[in-house]
Protein chains: 2
Amino acid sequence: MRQQESSVALLASNVRFEVKIVPLRSLSPGSRLSEEQPVMADKSLFEFLHMEMVAYVYKHQNGDNNNQERGSSLSTLEGMGFRVGQGLIERFTKDTPSFKDDLDVVKFLCKDLWINLFRKQIDNLRTNHQGTYVLQDNKFSLLTQFSNSKQYMEEAPKYLAYTCGMVRGALSNLGIDSVVTAEVSVMPACKFQVVIQRS
Amino acid sequence: MRQQESSVALLASNVRFEVKIVPLRSLSPGSRLSEEQPVMADKSLFEFLHMEMVAYVYKHQNGDNNNQERGSSLSTLEGMGFRVGQGLIERFTKDTPSFKDDLDVVKFLCKDLWINLFRKQIDNLRTNHQGTYVLQDNKFSLLTQFSNSKQYMEEAPKYLAYTCGMVRGALSNLGIDSVVTAEVSVMPACKFQVVIQRS
């Protein structure tokens with residue numbers, strides 16, 4: 001206890017410091033303690049950071065705002081998502097028995113992964129049974145703050161690139177090479193198309 | 001139904017597309033549905049993205065890695081956190097009665113905000129009752145993946161700048177100007193010092 005006090009004094013050596021411990025144990029009844037949900041955080045933490053990151057990447061790469069630069073920002077965001085997807089899937093599949101085929105993997109993404117990340121599952125999954133899957137989310141978390149105007153429709157790819165990368169990264173870590181694209185027809189609904197690449 | 005099918009065919013016009021709806025309603029018992037936790041997402045989603053963002057900002061601003069550039073990366077991250085903090089606090093204080101003084105605000109950050117963002121409250125709060133507060137988190141979420149070696153200690157500021165900004169942004173939106181700094185003595189414990197600026 002002595003030691004803690006002196007380190008605080010050091011930290012704020014230019015302030016006359018009368019150390020007083022304010023009791024924090026007495027949580028008011030309205031406060032939500034997270035003991036039962038040890039791995040969850042408020043979703044807005046991620047959503048706000050995602051918006052900041054998109055803005056930052058675009059600001060720093062789009063000085064002259066031509067098409068090539070736009071493509072490069074999208075691929076930067078996709079690349080970030082890819083690495084995050086690789087990390088996340090390792091975490092989520094730790095206790096999962098192995099998958100029996102590609103469809104089984106895609107179903108896992110649609111249910112378990114999506115629920116953990118976006119608090120809902122994919123609303124509709126379609127496949128041609130030849131390696132193409134279409135995942136439809138009728139209310140995609142990262143688009144809900146946009147209105148359905150033309151202006152925002154043109155901006156949509158910016159806000160989907162990271163998630164496309166995340167899906168591709170997750171699949172990649174499960175041994176599946178793929179190309180993932182997204183399209184929006186009516187906000188905030190969104191379709192992710194996964195085309196598995198056979199080597 | 002017809003319409004949906006044709007839009008999928010359009011999306012993948014170069015693939016022979018036999019539309020098949022895979023049932024997604026039958027969640028296996030192991031799957032976690034998030035109906036009861038509508039605003040929570042897996043914390044790793046935020047943590048991975050935070051790591052990517054720190055790496056990206058440093059890569060793009062630290063070509064020649066001098067001190068001035070390092071400072072600029074830190075302030076970029078701090079600025080992002082600031083804007084996120086402003087947004088988050090608006091969300092979290094929507095239904096909160098007004099605060100009676102600065103200490104009351106700081107306590108709210110230590111409990112409600114911290115629990116929502118990092119799933120635990122600040123472990124210890126100290127104040128000199130003259131506008132300086134020291135918030136100690138003994139196991140800070142964004143540092144838990146680092147070992148306690150000298151190498152990582154030097155890197156710690158990178159991973160704290162965003163959170164310092166978030167605290168400053170939250171306070172700012174509640175009408176309190178402040179300077180927020182952080183220090184680590186033993187990973188993953190961390191102290192945030194808030195000095196309120198009287199005008």
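Predicted model: local features only at pLDDT ≥ 70, side-chain atom pairs only at ≥ 80, totals over all residues.
Residues are numbered from 1 along each chain as its sequence is written, chains are lettered from A in the order in which they are written, and side-chain values use heavy atoms, leaving out hydrogens and water.

**Helix α6(B)**
- Because ten of the 13 residues of α6(B) are buried, the rest of the structure largely encloses this helix.
- Helix α6 of chain B covers residues 161-173 and reaches 18 Å from first C-alpha to last, close to the 18 Å expected (1.5 Å times one less than its number of residues).
- Just after α6(B) you will find Gly175(B), with a positive phi of about 85°.

**Helix α2(B)**
- Helix α2 of chain B takes in residues 43-61 and spans 27 Å between its first and last C-alpha, close to the 27 Å expected.
- Of the 19 residues in α2(B), 14 are buried, leaving the helix mostly covered.

**Chain A**
- Chain A contains five helices and six strands (DSSP runs: H or I of at least four residues, E of at least two).
- Along the sequence, these follow the pattern α-β-β-α-α-α-β-β-α-β-β.
- Of the 199 residues in chain A, 51% are buried.

Methods: Buried < 20%, exposed > 50% of the residue type's maximum accessible area, 1.4 Å probe, protein only.
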